[in-house]
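Visitor: I have a structure here that I have not looked at before. Can you walk me through it?
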Amino acid sequence: VDPTLPIALERLARLLGRLPGVGERSAQRLAVHVLGQDQDYARALGEALNALHDSVGFCRQCYHLAEGELCRICQSPARDPRQLCVVEDVPDLMAIERSGEFRGLYHVLRGALSPLKGIGPRDLTLDDLLRRIDAEPPEEVILATSISVEGEATASYVLGLLRHKLADGKPIRVTRIASGVPQGSDLEYLDQATLGRALRARLPFQR
Ligand SMILES: [Zn+2]
């Protein structure tokens, strides 16, 4: 807390400082910047923040962000339901979308398995994933969880769940992004070309 700042400014800086990648110094700089703009901007910013939770929720099918029941990807007739890409979180989905390599549907797990953090299968959206796959089995499930201990554990767990699932009488093909993705990397920070290559070069996934 900086006692030299007006309280309203300090409060804004403190809130901005909780955003990822924003340190204390840039939070203060941003707060001063907002103050320097005309008041309409600050008002519009506040209203946009206010409206966020009222108008945006989670897609009931894939857990991407959605403005109604279904997200825009699940609603789109241009997407191919024969491919289902499983990701940990929304920013990973956004990264794959930016790569432009994928035209199928997604499923967002809302995390990864982590005994250390106390995150187990029940904390992820795995039940919904299985229900979905039973109702409309895709030909291929692409496991695009992060290339980390937790991401690998999650991918293995999902593979186990899918072992006996069939699509049109054939086992569902389960693949894993790999090539070109450095160990321990979060998908959202990969450049588009690397992520695109990793998707194209995906391999059958076995335990
Ligand atoms: Zn969706």
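**A first look**

Guide: In the chain, 58% of the contacts with a separation of 6 or more join residues 24 or more positions apart, a contact being heavy atoms within 4.5 Å.

Visitor: What sort of model is this?

Guide: This is a predicted model, where local features need pLDDT of at least 70, side-chain atom pairs count only at pLDDT 80 or more, and totals for chains, interfaces and linings use all residues. Residues are numbered from 1 along each chain as its sequence is written, and side-chain values use heavy atoms, leaving out hydrogens and water.

Visitor: How many helices and strands does the chain have?

Guide: Eight helices and nine strands, counted as DSSP runs numbered from the N terminus (helices H or I, at least four residues; strands E, at least two).

Visitor: Now the metal. What coordinates the zinc ion?

Guide: The SG atoms of Cys59, Cys62, Cys71 and Cys74 do, at 2.3 Å. Donors are N, O and S atoms within 2.8 Å of the metal (3.2 Å for Na, K and Ca); water is not among the atoms, so sites may look incomplete.

Visitor: How are those donor residues spaced in sequence?

Guide: The spacing for the zinc ion is C-x2-C-x8-C-x2-C.

Visitor: Why is the arrangement tetrahedral?

Guide: Because the four donor atoms around the zinc ion subtend angles of 103 to 118°; four donors count as tetrahedral if all angles lie between 85 and 135 degrees.

Visitor: Are Cys59 and Cys62 buried or exposed?

Guide: Both Cys59 and Cys62 are buried, meaning under 20% relative accessible area, with exposed over 50% and partly exposed in between (1.4 Å probe, protein chains only). Of the 207 residues in the chain, 39% are buried.

Key
Tetrahedral: all angles 85-135°; square planar, octahedral: opposite > 155°, others 65-115°.
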